[in-house]
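Please look at the sequence and the structure shown below, and keep both in view while reading. The report begins with a pair of helices and then turns to the sheets and the chain as a whole.

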Amino acid sequence: MRTQTTAVPPAVDADRDHPVPTVKVQVSKLTKSFRRRKETVQVLHGIDLEIADGELLVLLGPSGCGKTTLLRCLVGLERPDGGRVELAGRAVVDAADRTFVQPNRRDVAMVFQNYALWPHMNVAKNVAYPLKSRGLKDLLNNGRVEEVLKLVQCDHLADRYPPELSGGQQQRVSLARALASNPGLLLLDEPLSNLDALLRIELRAQLRSLHRRLGFTGVYVTHDQEEALALGTRVAVMREGRFEQIGDPEEVYRSPATVYVADFLGARNRLTTTVDDLGNAEMAGQKLSSFFRTGMAGEYTLLFRDQDLELRSTGDEDMADRTWLTGGAVREVLPGGSHNEHVVRVNGIQFWVGIPASARRFTPDTDVELGIDPRHTLCYDVGGNLVEGWTHGV
């Protein structure tokens, strides 16, 4: 496993023209468990994390991996068992000396999945509520409510009540309410998951634009890989209460550090292979000469994304830059929008192959060959860790 947990490089390496960003959030050895019936379930295992000022960190992972629990520990809705949390240099959690600052005394705002708007207050009063509760009269009197409603394109809804709004409008109002007090840290817990697909994309773009314009520091929780890659300045993939990989979105997508990360980010096609010292490989019951570079004898797992595999009819001679596995057959075709998914079996192994809708469509029971491009193949050792430079030219 490769884990990068430091957001900010050491100051001694900083270029004077490019100063090191200030650390806004620092989490050290954070642990959290819950008592369920007669057993204790550990949810967070010694989390270490730094978030720089102006960064939007996305916590990505399946349900139950600990991402929402970590978010709730930052805002103060959960009390950690151990560890320390600092916000802008101020300790808000320190289990060693029992420090625990209540949520309303942290400079933090949160956007919830279910909007959490007061139904008896109109939009303007909902947005004004955190300003009133915190005694921020200057912001309240200087048009802050109208300002943030304009930011999220909801100023025309100021007099309406939440039940009169669509889901997308309610979530934009919820975001405006969170931004109203200029919080030092903005937390977003799967805020788009209740919306339909097209609206999610629209609000995703709006949120990205707001972050670029306002430069707020935020932590965003999601299980949607496309959302994570689109929004995050960094992405942290979580697994069972630990970080599996943290890095730039492009880096995490192109070079998943472990099989777990690769699978979660869409590389669901898997082949196990045995390689000899000359680089010859055996996979799916077939032998491939010099597929690996020499000196790599051992067992490996190859992972592929649907769109990185190709199909051709048995005996075709096109796409010579691929390595082809023979003896395949199309079992099912699932028509989609831009791509058609083909379920293919090769010697008892099932693959999912995404082919552009504008390209050739294979029908069920067609005999095919499966094309592998080493440039778009991920290789992992027996420990599940990424292997780089495993084949010629990659």
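## Helix 2 against helix 5

Helices (H or I, at least four residues) and strands (E, at least two) are runs assigned by DSSP and numbered from the N terminus. Helix 2 covers residues 123–133 and helix 5 covers residues 167–179, and they pack at an angle of about 30° with their axes 7 Å apart. The axes are lines fitted to C-alpha atoms, for helices over the stretch in contact, and the angles run from 0 to 180 degrees between N-to-C directions. Helix 2 and helix 5 are therefore roughly parallel to each other, since angles under 35 degrees count as roughly parallel, over 145 as roughly antiparallel, 65 to 115 as roughly perpendicular and the rest as oblique.

The contact, which means heavy atoms within 4.5 Å, is made by Val123, Asn126, Val127 and Pro130 of helix 2 together with Val173, Ala176 and Arg177 of helix 5. These contact residues divide into five nonpolar, one polar and one charged, where Ala, Val, Leu, Ile, Met, Phe, Trp, Tyr, Cys and Pro count as nonpolar, Asp, Glu, Lys and Arg as charged, and the others, Gly among them, as polar.

## Helix 5 against helix 6

Helix 5 also meets helix 6 (residues 197–214), and the axes of these two come within 11 Å and cross at roughly 20°. Helix 5 and helix 6 are therefore roughly parallel to each other, and helix 5 passes helix 6 in a right-handed crossing. On the side of helix 5 the contact is made by Gly168, Arg172, Leu175 and Leu179, while helix 6 contributes several residues, including Leu199, Glu202 and Leu203. The residues of this contact divide into seven nonpolar, two polar and two charged.

Five strands form an open sheet in the order 14-13-12-15-21, with antiparallel pairing; two strands pair if DSSP finds at least two bridges between them. Strand 14 (286–288) and strand 21 (378–380) stand at the edges with a single partner strand each, so one side of each is left without a neighbour in the sheet. On average, neighbouring strands of this sheet are turned by 30° against each other, direction ignored.

Within this sheet, seven bridges join strand 12 (residues 269–275) to strand 15 (residues 298–304). Threonine 273, for instance, has tyrosine 300 in strand 15 as its bridge partner.

## The sheet with strand 16

Another open sheet has five strands in the order 16-20-17-18-19, again with antiparallel pairing. Its edge strands are strand 16 and strand 19 (349–356), each of which pairs on one side only, and neighbouring strands are turned by 45° against each other on average, direction ignored.

Five bridges join strand 16 to strand 20 (residues 367–372), and leucine 311 stands opposite leucine 370 in strand 20. Four of the five residues of strand 16 (residues 309–313) are buried, so this strand is largely enclosed by the rest of the structure; buried means under 20% relative accessible area, exposed over 50%, and partly exposed in between (1.4 Å probe, protein chains only). Strand 17 (residues 323–334) is likewise joined to strand 20 by five bridges, and threonine 323 stands opposite isoleucine 372 in strand 20.

## The whole chain

The protein chain has nine helices and 21 strands, and 49% of its 394 residues count as buried.

Residues are numbered from 1 along each chain as its sequence is written, and side-chain values use heavy atoms, with hydrogens and water left out. In this predicted model, local features need pLDDT of at least 70 and side-chain atom pairs count only at pLDDT 80 or more, while totals for chains, interfaces and linings use all residues.

How values were computed: A crossing is left-handed if the near helix is turned anticlockwise from the far one by less than a right angle, and right-handed if clockwise.
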